[in-house]
Structure formats: structure tokens, C-alpha cells
Amino acid sequence: MITLFSTLLVILIIAGGFVAIFSKKLLSSVISMGLVSLGVSGLFFFLQAPDVAITEAAIGAGLSTAIFIIAIKKVQKGGTSDDE
Amino acid sequence: MIDFLQNWIYLTGAMALVGIGLYIVLTNTNILRIIVGLNIVDSGTNLFIVTIAWHPKSVMPIYTATNNLVVDGHVVAADPLPQSLVLTAIVIGLGTTALALAIAVKIYQKYGTLDVRKIKEEDK
Amino acid sequence: MKTYNFAALLVGVPLLMAFSIPLFGFISKQLAKWITVLTLTFEFLFSLYILLWHVYPFNVIMGNWVPPFGENLYIGSLATILIVVISFVGLMISIYNLWSAKYGDVVHFALLFLMFVGGSIGLISTGDIFNVFIFMEITGISSYALAAYGPERRALGGAFKYLVISSIGSTLYLFGVLLIYTQLGTLNIAEIAARISQTTPGLLTFAGILLVAGLAVEAELFPFNGWVPDTYTGAINPVSATLSGIGSVGGVYVLIRIVMTVFGKNGNFVSTYGNLDLMTLIAILGTATVVIGELSALVQTNIKKMLAYSSMAQMGLVAMAFSIGSRLGAYAGIFQLINHSIAKAMLFLILGVIVSFGGERVEDMKGLWYKSPFLAVTFTIGALSLLGLPLFGGFWSKFALVDASFQRGGWYDFIMAIVLFASVVEAFYYLKVVGYIFTSKPAVSEKIKVEISPAIPIAAFAILIIAIGIFPQIVSGISYSAAHELTDKMSGYVLNVIPTIVGH
Amino acid sequence: MSSLLALLLVPVTGSIVAAIIQRYRLAERLVSFSTFVVTLLFLIDIRVGDAFTWSLGFLGKNIEMGLQITPLSIFMLYMTIAFGVLLTFFDLTERSKMKSFLLLLTLAASNWIFMATDFLSFFFAWELMGWASILAIFGGRRTAESRHGALYYAMMSIGGSYSMLIGIFLLSNLTGSFSIQQNVSYLVSIMTVHPWWVLGIVSMFFVAFMVKSGIFPFHTWVPYTYGESPDGFVPYLSSVMSKYGIYGFLIFLPLTLSLRNVPGVLGLPWPNYTLVWFGSITAVVGSVLAFMQDDVKKLFAYSSFSNLGFILAAIALFTPIGLTAGLFHAFNHLLFNGAIFITVVAVISKVGITRMSEMGGLWQKMPLTFLTFFVGIASAAGIPPFAGFGSKWMIFQAMISHGLIFATVLLFFASIASFLYLMRAFHAIFLGQLSHKYDNVKEISAIGKITEVFLIGALIFFGIFPGFILDPINSIVGSFGLKPLPTSGYEYINGFFSSVNMVSIFIVVIVAFIFGFLLFAVSAKHKKVPQEDNYTAGQIPKDWNLTPEMYQFSYDFYEPMDKEIAPFLKIKIDGFFKGFGDSVEYLGSSIKEIFTGNVQIYTYLAIGGLVIFVIAGWIVW
Amino acid sequence: MMNDTPEMVKKVFAIFVVGILIVGFFMAFTQMPKANAVNVNNTVSRFYVMKDVDQATEMLDKGTYFNKDMVPLRNDVPYTPITFGKSANLEDGAANVVTSIVVDYRGFDTLGEVTVLFLAASGVMLVLHGQKRKIPKKRTEPSEIMYVGTRIAFAVILLFGIYVFIHGHLTPGGGFPGGAIIASGILGLFLGKQGYSPNKSGLTIFESLSGMAYVVIGIIGLIGEKSFLANFLPTGTIGDLFSAGFIALIYIAIGMKVGSELSAVTNAMIIDTEDD
């Protein structure tokens, strides 16, 4: 059961990575990066590493993404499109 | 057998993240996307480290009333050392990301672009 | 195993002072800079005490957990001399900063600078392979921020490039460390070094390549050194001096520690375990770096960029010297590293004074002799020391390098020919600048007034270069015993850290 | 023993003092002069065989270093220091833009070179001397050309020293010692077993010596450097410093004695034969290039290295007469080259230009200088009874005694050519009509006059009584294990075939001179006319596009000959070096393109490098 | 050089390079121990889990820890069983083994880690330093409910964060996630009010003092226990809140430090600056 679940999670994070590659909008790229982080933090739970999982969830998925979004908002204020 | 495969699955996931991250770094010219790529590489590295600390039969390395870490003189917990290293690596990754984003924001203010190809100066 | 836990203050005091600098910053910005000076004075005097009273070699045990179970600092002869050099260079640059760092957030600049030096000291003294990663990140993050500091926008671009390459490098390093951990189950450098032959050769080869690739970023070796010119050019001059005089020393130190102590065999000519001889790899990287660095520096018209490329080339020279593998080669490498650190830091500092009065093109050096004889003479001393002229420090190291390569013989004769050719190229561009300094009339005859705080470090460096040139014993004795530590890893390193490693 | 150290320490001290007080020019010159004098006084105390050793603890090894006086070194020391005394004396009043502290540093280094017993101190001193001279040249005229000249010289010099460094280490790794004597005797012992090996090592050294002496094909720096270096330094550079290379050759030439039994060319071992050819070619190339020069300093620069070709050709024979002739010519070269350059410097400092075609008629203004110059070039051309005749005569004897016909022809050609360009310089500078702009030119100061008189005297004295100099040379020849030439009085030169009595030659020349003077006195008087006074048959010179300097009769003096030689001169060795430098620069600018400033490229480089290593690792695995 | 390379070529080349690297990694993994994982009993972690480092040190001093081929005999170290809630006065009292490693066995790493974060925060402030720019009024000010809601939420989040780092030695979590949670609470405050800015000097003082506290704890260990960062407090019974010696102290310092640091970073990122 756990095997199945973790396999799904692995597929999810890989898919998230591909979304990060191919999405046209920077914001969705960043959010999928956050999702990847969240997925990885889920995998840490399966890997018997709750400490790491909590830290990754709070820092990698939460705060990192938040700072990212702040930065994106800042660079978009100039009125240019998000890419290039 | 299934346990064996499981380890490979995690490794595949980790390596896929590293590959995806590097690919993003190598193909995108937008600074923020490059930082996204570096972050994904970091995630993949962390996953890799936690994976090699883990054995399909291992338990989490926390003493509780029900969780016994040592059975017959053999440790059955997941290896806590790599996990503690990953804790460190995550925090360091956050620090690098924050600094990179700050630099990126400042670059945008000064250069008016986020394209790495345009961020260079002629010699004074 | 001799322990001297009090030396933990070598790392502890800079940390404490760095944490407290923001508080001092509330009182006065200048005070924050003075704290840097005071802390580094302490570091320098402490390390000088260790050197002169011959306290080394000793271990510092952290938290009462002895190696290989806990973390330790190992301060042998190599670490001692490098710490002395680093803290001296750092002290001098911090004195210079009293004058030079004046825009923006000075408090945080002083803090980051202090931690850059402190982190480099930790990097050099630590005995744990993961702790190396931490200290690499400490120096790394502080140097990205330092490199981004300054009134010009090109600083940001340089810092960002450094950040990207360096992040990838440290990721590779982490992979390498963990691959070794899967084999040996330990992170202590001494234990890994002793037991390196108990690993699977294929995995070890791969791990070695990853480690070398990761560390070559900091050590400025060729395909991993793309950041060097932009970052050095972009940063303000004291930061370039720091990167070149302190950062690269730390980078090369770790690279050599990993390749020679961890992967090395015992004996005069060190070769390495694993099927791909890492020393050969270092030799190839070093030679390529020398050639590419010198040739690129040749055609630069921007003098800061020229110094950056020359830095890169010098690092290649150092790596090539270490890769010879003999004790003499290691000696040459250490000596060259010290010479480069002092001379290049001095050149960047001088450039900082000059730039504050004009541009940084080669033409702007014209007639410096008329504008400021002090700067002209010191610049010449630095340049000639890098060229390896008699009477200057650089002579002895280049001399030993040539001697070592010919003792090794074989294809090192060929490498030496290439390196000497590159040295001729180096001589060309440095002499060109020296010629401009002395023979041209300046375009504007405005005098350059050198204030006391930049003058002290420049004069100190110049005197030190001459002193080493005339009395090489200042450095050569300890460098030679440091070379022993590198080439004879069991008696030089491992047994000093874990004396009972060869058990019953 | 202490005097040996004094030879090093006195100049260094003087150099420091001179550097400190260099703002006060006269004091600086006095320091420089008195340092030379004091050094000379110390030298008088020194005898052959004096030695001084110390050991240097270096990396656990104990390296013996030392100073020692051999007949050759004392000969060289006297030559250089005495010449330096003369030069600095001359410099007391003349405006020669010399940096005294660098000159004194060079003196210390040169003393050390001649006394060194081990390669370490030899190399150290060699480098010191090279760098002091490079810096002196840098500080010369402060023009782009002077910088270029110094840079050019520095590059060749560094190349040479690196080559020598390689040689030293190759050698010391074989013998485990840096001592010159041990290393040379080791080379002698393996000479017959591994000749190619020895040749390889020795040629490493020879490159450095050839660079320093300006021997073909490493002569290309000579005109740049001599032409552009400070006027006061040129006499020292061309007369003294070029001798270091000769000294270096003499360290290694004894090796060839062990090859005497091996069949070579014309009874000569082939290394000697090769060197003879190098010398002869240098002599010819120098002479031919000297034709083309209008710049007086460059002309004599070429002349100087042409003469070094003579010296090398002679000593390369390494027979008693060859060696004697070579050393004798070295001494004479020192004298006449000094005389020529000192007068040239005097003229330049008065006139302010170096182009010969703009001078002329200066003998009316500077008669003593004119006379010195005349004696100098007469010696250089080998006209009896002046110094220079004897040595050239001996050189030809030495060459012919080995049947080296072609080399002799080359040298002979060079000798005649030298006659031609010397005559041209003589005419262009001193004879002909005086241009009006030089109406105010005065003869040089009293001290300069004393120097000139002394030089004239020396040139004549050693011309007539060569024995005074041949005696020490004979002891040098003896110290190399060769049988010295017989001596028979101070006025005799004993050649291979015959001997010459210089006094009788002197008398003959005096008689001829008196005869000539009588002819001149009784013949019609010439009328002095200004330079522009030409018979133009009603046409104005402007119509022919004549510029004032074209009135000078030596303008395009050898134009027909230039036209003849021009095609050969197009094959320029210089061009080879220059092209090499250009291609290195091109390489550099293309390699620089790697660092584009785009971080992605850097990432590609890093990851690509890693991938290559991984693949390599797997292939090895 | 590569600026004008077509996108497609770039992508294919990137795939090629990355692909080879990944294949290389997998080839290395095939060489790893069975099941691609380390056996905990073969690593130094065994002692951390068993809290047995002192015994191992004894063996090391006697020279019986390594055999003569320099292989460590880790399984020979005598083991005293540990029972949750009963074993007392262990060499390290934390129930969470990861915490015991992070703070105690490898405390020096963590000091460095804290420094890294501190430096990153300082770096962000250095880079983004400048005068505060006047923020143009947003048309819609967040509603009062939002304002009050974020305040209440902040109190709850703050408590939760404090709980996480105080219980770091017992439950998963610790100083770093605790600090990050507090920082995200402060991030919430930014949503509540336009132009909100936390007290910057307060954050700085907090940050500095907690960082100095960490080092001072280390120096107390150096003076009291003759070793930097050594535990100088009794370890108590495993599983108690007041156990594990100085771990709780350090985690409190780390939690406060990380919290204030990350808040300062977000603050610096949010506030618009212009060059002075």
C-alpha cells in the first residue's frame, strides 16, 4: 500500500518538475516547484524522516515559495511580462 | 523484491529532480527560473540523501513509548545521521535561495531585465 | 593525540563577534568596522601564538565527542600556516575597509566580511568532511553577498554568476560526501582517509570526480571557473582582494586535503586510489587553467579583469604543483599559494586606491609613478613577486616548483614547459603594466593622496613580500613540514587525529 | 675572502645610497663613481684562488654556495669594473639620463656572476642582472618605443632564463649538486657516452647565453634595446653586459675537449664547429643590418653584436690561439666600443637627435670627440696600430689554422662591411658641412675630455703593446688546460703562423701618416661653404622636393647597396618572433571568448566538464 | 558564443549532458550496498541511536575499536538497552535521535548552519539596502476582519512555533521548522495591513542576542566541560520535557533566531527600496 502511494508521489513530483519546465508563466513554475517540495516532504514521511519532512514542508514548500512569490511580484511591478 | 524496487523508485525520483533542475538551469535564460532549477536540484539532493539512509524495514529514529529503535542489539531505525545532514542542507538551500532572489530583484531594478544574456557589462 | 580545546575560540570568537555586530551597528557604523579589525587582530595573534610557540599539531574536540564520533578541528602545520596567512590578509583588508567601504549597509558588510574570514579559518581547520560543506557555504554565502556589494550594477551580475556555479558545485560535493558515507559510514576525514581502500573502486572513482568537480569551483580550476572574471571585476576592490587572497586559499586547501589526504596513498609520490588517478585529473585541470588564464589575461585591457584571470592562472599553478605528488611539489604549492595570496590581495588593494582617482583600464596606470611613487613601487613589487623574480617571495616557490617537476620527471617535464611558456606570457602583460607605470607621462598630473588606512595594509604586504624574498625561512620551514602532512597521510594526519586507528 | 664579499656588498650599499639620494643628481653620480672606485680598490687585493663558501639550509638539503676567483673571472672583473669606473667618471658631468642605482645593482650582480661557483647563485645573479638592466631600459627615454624595446628584451631574457632554469634542474637532478665544477665534470664524464643528452642540457644554457649576448638568431632585441635605452646605459650594456654570455659559453666549452678524439669537421668537434658558424653568421648579419641604419645608436648596436659574433667564433674553436684571440678581442671590443659609444653619447647629448643624416660637420665644434671617435672606429675596423687590429688578425689566423675557409670568408666580409658602415657614420656625424642649427654646439666638459683622452691613450697603448693584456689571457688559457701561446715581449703578437711586432707597425703607420699629412698640407686649400650652398643652375631645390636633411651628403649613402641587399633582409628573424607573439595574442583573444559573461555558458562548461570526467572515469574503470 | 544558438539545439544538448550525468549516477548506485542503502549498524550512527559514544570512546582509547586492518568493530561496542521514559542520565537525553545528532553530537555543524542562515539574512539586507520607497496607496485596503483575523492567527502560529522548538528533543521538528513557522506567521501579518512592517531593530536585537546566546552556551561548555559546545546540564530521563540538557536551550535560541531572521528576510524582500 505504502509502496503504491509512494510510487504515485514520485510520479507526482516528476510531473511537477515537468510542469516547472514547460509552464509558460513563471508563477505556475514556482508554484509547481512548491508542489515538488511538498511532494518530497511527503516522501520524507514515507522514508521515516519526520523531522526532515516537517522542516522541508515549513521551509522548502512554505517559506521558500512565499519569498519566491514576493520576488516575482516585485519584478512584475515594472509592467514587463513574467518571462524574459 | 518489492522492497528493493522501492528503493530504486525513490532514487529515480531523486535523480529525476536533479536532472530536471539542471535542465532548467541549462535551458532557461530567466534568472528566476534558474533559481527555480537550483531549488529543484536541492530537493532532489535531499531526497537522495534521505533515501540512502532508509531501509524498507526501518523505523523512524525517535524514541517513543511504542517505537523501539534497537532490536537484538541491532539498530532498526533509519540512519539518523544523513537525516540531520539533510536538515542542514534544507536550511542552507533556503539561505541561498533568499540571497539569490534578493540579488535577482536588485538586478531587475538596476538592469531592467532578468535575461542572463543581457546581464553583462562592457569593460570600463 | 594532543588536544587543545581552547583553540575552538579561533572559530567561536568570530562567530560571537559577527552575531553581535548588528548591536554595535546601532551605536556607530564605524564601530562595526573596528570590531572586525579587533576580532581579526585576535585571530592573527592567536594563530601566531600557535605558530611561534609551536603548539601545533593538535586537535580541538567539539562537545567532548572525540573523533571519529564527533566533530573536531585539526590544526596541523598546514592549517597553522594557512590560518596565519588568512588572518593576516583578512586583518589587513579590514584595516583597508575602514577607508574603503563607505556606501550602503556598512554594518552588514563588516559582518559578512568578518564571517568570510572566520568561515575560511573554520574551513581550513575542520576535520569533518560534512563540516567542510558547511564552511564552504558560510564562505560562499558571505562572498556572494560581498560580491554584490558596491555602487556599480555589474557587482550584482558577478555575484549571481558566482552563486549559480557555486551552488551546483556544492551540490556535487554533497553527493560525493554521501556516496563515501554509504561505503564507510563515517564523515571524519581522518577515518575516511585511513580506510579509503576499503571501498568499492567504481563508486569511489565517481565520488572522487564529484568531489573534485565540486571543489574546483572554489579553487578556480578550469571548466568550473567561469564565474571568476565577472565576479572579480564586478566586486569592489577589497572584496576582490578577499576573494583572491582568502577565498581561493580555502578552496585550494580543501581540494588538496581531499585529493591528497583522503584519496592519497602514503609515500613520496602520492598517487590515488580509484581507477582514475585524481592527481592526474588535478594536473590536467591545473595546466589547462594556467594556459587559459594566462592567455586570456594577455589580451585584457581592463586591469581588474587582467588580475582576475591572473588569479585563476595562479591557482592553476598551485594545483599543478600539488599534483606532482612529492613532498617538494606540495611544498612548492603551499609556498606559491601563500605568495599568491599576499601579492594578489595587495594588487587589488592598490587598484582600489587608484580606481578611486580614475579608471581601471591599463592606460589609466600610465604615469602612476608621477602620481604616487608609493603605489607605483608597491604595485611593481607585487607584480614582480607573481612573476617569480629573485628578491621577491614568488621566486622561491616558482624555483621549488621547477625543481619538483624535474625530480618527478616523465610527462611533468612537458607540463613544466607549458607552464613556463605561460609564465612568459604572464611576464609580458605584467611588465606591460609596469612599463606604463614608470615610463609614460600621466594624462592628468593630479597627485594621488594615499590615506593612512589603505597605506598600512599595502605597505605591510610589500614589506612581507620582500621579507619572504630575502628570508624564505619565514615560510619555508613550516611549509615543508606542512608538505609532509600532505604527502604522508598516516603519520602526518590520520595518526594525529585518531592515534589508535591501527588497532589490535 | 672578505674582499670577495665586499665586491658584492659595496655595490649593493652604493646602490641603496644612490637610490635614496637620486633626487640630487650630482651626489648620486658621485656615489656611483666612488662605489666603482672602491670596488676596484677591493679588487686589487684579490688574487686567483681566493674563495669563500657558505651553505644554505634549503628543505632539509644543505646546499653549498660559494664565490671563487679563477683567472678568467679576475680578467672579467677587471674589465667590467675598470670600464665602469671610466663610464661613471664620464657620467659625472654629462647628461646621460642614467639611473645610477640600477647600474650599481647590475655591478653587484655581474661581480657575483663572475665569482659564482654554483648554478644557484649563478642563476640568481643572472636574473638580478637581467632585471636591473630591464628596469634601467624601462626608465630610459620614457617613450612607447623604449617601453617596447624593454618589453622585447625582457621577454627574450625571461625565455632565456627559464631555459637556463630547466637546464640547471635537469643537471642537478642528475648529479645531486648545484656546483658548477661538479656538474661540468659530470658532463665531461658522460660526454662520450651520451653526447646528445649533454648537448640537450647544454643547449638549454646556451639559449640563455645567446640571448644575453645577442647571438643570431636571438639578436632581434639588440637594436630595439640599444636604440631606446637611456644614453648613459648603452655603453655599459653593449660593452660589458654582452660579455656575460661569453663568460657563460666559456663555462661549458671545456666539455668539447673530451670530443677532440672523436672525428668531427676539419679536426674540430662538431659542437665547436656549429658555434663557429653561429658566430660567423652573427658577425655578417650584424654588419649587414648596420648598413641600413640611420639611427646612430642602432647602428652601433648592430656593430656591437657583429663583434660579438667575432668573439664567439674565436672562442668556439677552443684552441689556444682561438681562445686567446677571442678574449683579446673581447677586451678590445670593450675599449673601442666604449670609446665609440661614449662619443656618440656625447654627440647625442649636445645635438639632441640620433639621426645621422641630420648631423654633419661636427668635428669643427667637437674636435677631441671627433678624434676619439676616429680612433674608436679605426680600432673597430682593425686598422693598425690601434687596438683591434691585433685581435682581428689573431682571429683570422685561428680560423685559417683550422681550415675554416668559408667561416673566414664570412668574417672577412663582415670585417669589410664594418669598415664601410663605420666610415659612413664617421662621415655623417663629423665630416661634411656643418648645419646652422649646430652653431651653438660646444665641446664636452673637462671631465669628458679626460675620459676621451684616456680612451685614446688606452686604444693606442694596447694597440702597440698587446703583451700587457695577452699575459693574463695566457694564464686563462692555461687554466683551461690548454697550452698558452709563446710570449716574446710586450710588443709582439704571436699568431699561429707568424708573429707581428706592433712597434714596427706603429712606426710604419706614423711614417705613412706624416707623408699623408704633408700631401694634405701642400695641396690646395678648400673653401668652407654652408650646407645649403649648392650649384643648382638656376633651379630652386624645392622643385626637386628636397628637404633640408637631404643636403647632408650621407643621406641615403648606401642606397644602391641597400637596394641590392633589401630582398635578403625581408627574411626577418624578427618577424618570426613577432608573428609568434601575434599568434599567441590571437589565441588569447579567442580563448577569452569562453568567458562571455553568460552564466549559462559557465554552467554548461561546469556540467560538461563533469560529464567528460565521468565518461573518462568509466572508460578507465 | 552560445547566445545565438537555436533553442532546439540548446535543449537537445542539455538533455544529452544531463542524461549522461544521470546515467553515471545510476551506474554508481549499482555499486552501493545492498538495497541501495546504508546499514545503520555499519555506520557511526549506530552509537548515536544507542547513545553509546562514551563506550565506543573507551574502546577507542584502549585500541580495541579498530582491528589491525583499520576496520572499526562497531558491533563489538557493549550496549546498554534504553527504555523510553525510564533510562536516565544517558550521555545524551534527547528522545529524538535526529535532534540529538543535530544539536549535540554534531552541534558544530548546526552552529555553522545557523551562521549560514544568519549570513544569508545579512546578505539579503546588504543587497536590498536602501531608502524605503513611498508605497502608492492600494485602492482596496484589506478589511478589518482580515486585519483582526491575521493578528489572531499570528498568535496561534506563534504559539505553535514555540511549541515545535521547545519540544524539539522529543517530537519531530525543532528550532528550524519552529522558526520558519513563526516567520510564516509574520508573513501573514503583511497580508492583514497595507504597509505593515515589523519592528526592524527589535528583530535585529532578537537575532543578535539569540545568536550570541548560542555561542555563549558553547563557550560555557568550553569553560565548564573543557570542550566547545559540550553539554553542561544534567540529561534527565529520556522522554521528559526537561531532559536532554542544553538541547532545549539551544533549540530555543535557534528558534528565536531563525524566526526573527526569516521575518527580517521577508520584510526586506517585501519592502520596496531605492538607492540612497
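Q: In which sense do strand β1 (residues 58-61) of chain C and β2(C) pair?
A: Strands here are DSSP runs of E of at least two residues, helices are runs of H or I of at least four, and both are numbered from the N terminus. Two strands pair if DSSP finds at least two bridges between them. For β1(C) and β2(C) there are four bridges, and the sense is antiparallel.

Q: What do the numbering and the confidence limits rest on?
A: Residues are numbered from 1 along each chain as its sequence is written, while chains are lettered from A and ligands numbered from 1 in the order in which they are written. The model is predicted: totals for chains, interfaces and linings use all residues, side-chain atom pairs count only at pLDDT 80 or more, and local features need pLDDT of at least 70.

Q: Which residue of β2(C) is the bridge partner of C:Phe58?
A: C:Phe58 has its bridge partner in β2(C). That partner is C:Ile75.

Q: Are the residues on the two faces of strand β2 (residues 72-75) of chain C buried or exposed?
A: In a regular strand the side chains alternate between the two faces of the sheet. A residue is buried if 20 or more other C-beta atoms, placed from the backbone, lie within 10 Å of its own, exposed if 12 or fewer, and partly exposed in between. C:Asn72 and C:Tyr74 on one side, and C:Leu73 and C:Ile75 on the other, are all buried.

Q: Which element gives the largest share of the side of chain C that touches chain E?
A: Two residues are in contact if their C-beta atoms, placed from the backbone, lie within 7 Å. The contact takes 60 residues from chain E and 56 residues from chain C. The largest share of the chain C side, 11 residues, comes from α5(C).

Q: At what angle do helix α6 (residues 144-166) of chain E and helix α9 (residues 247-270) of chain E pack?
A: Axes are lines fitted to C-alpha atoms over the stretch in contact, and angles run from 0 to 180 degrees between N-to-C directions. The axes of α6(E) and α9(E) lie 8 Å apart. Among the residues that meet are E:Phe165 in α6(E) and E:Tyr251 in α9(E). The angle is about 145 degrees.

Q: Which element of chain B has the highest confidence?
A: pLDDT is the predictor's confidence in each residue, from 0 to 100. Chain B has a mean of 84. The lowest confidence is in strand β1 (residues 70-71) of chain B, at a mean of 80. The highest, at 90, is in helix α2 (residues 31-52) of chain B.
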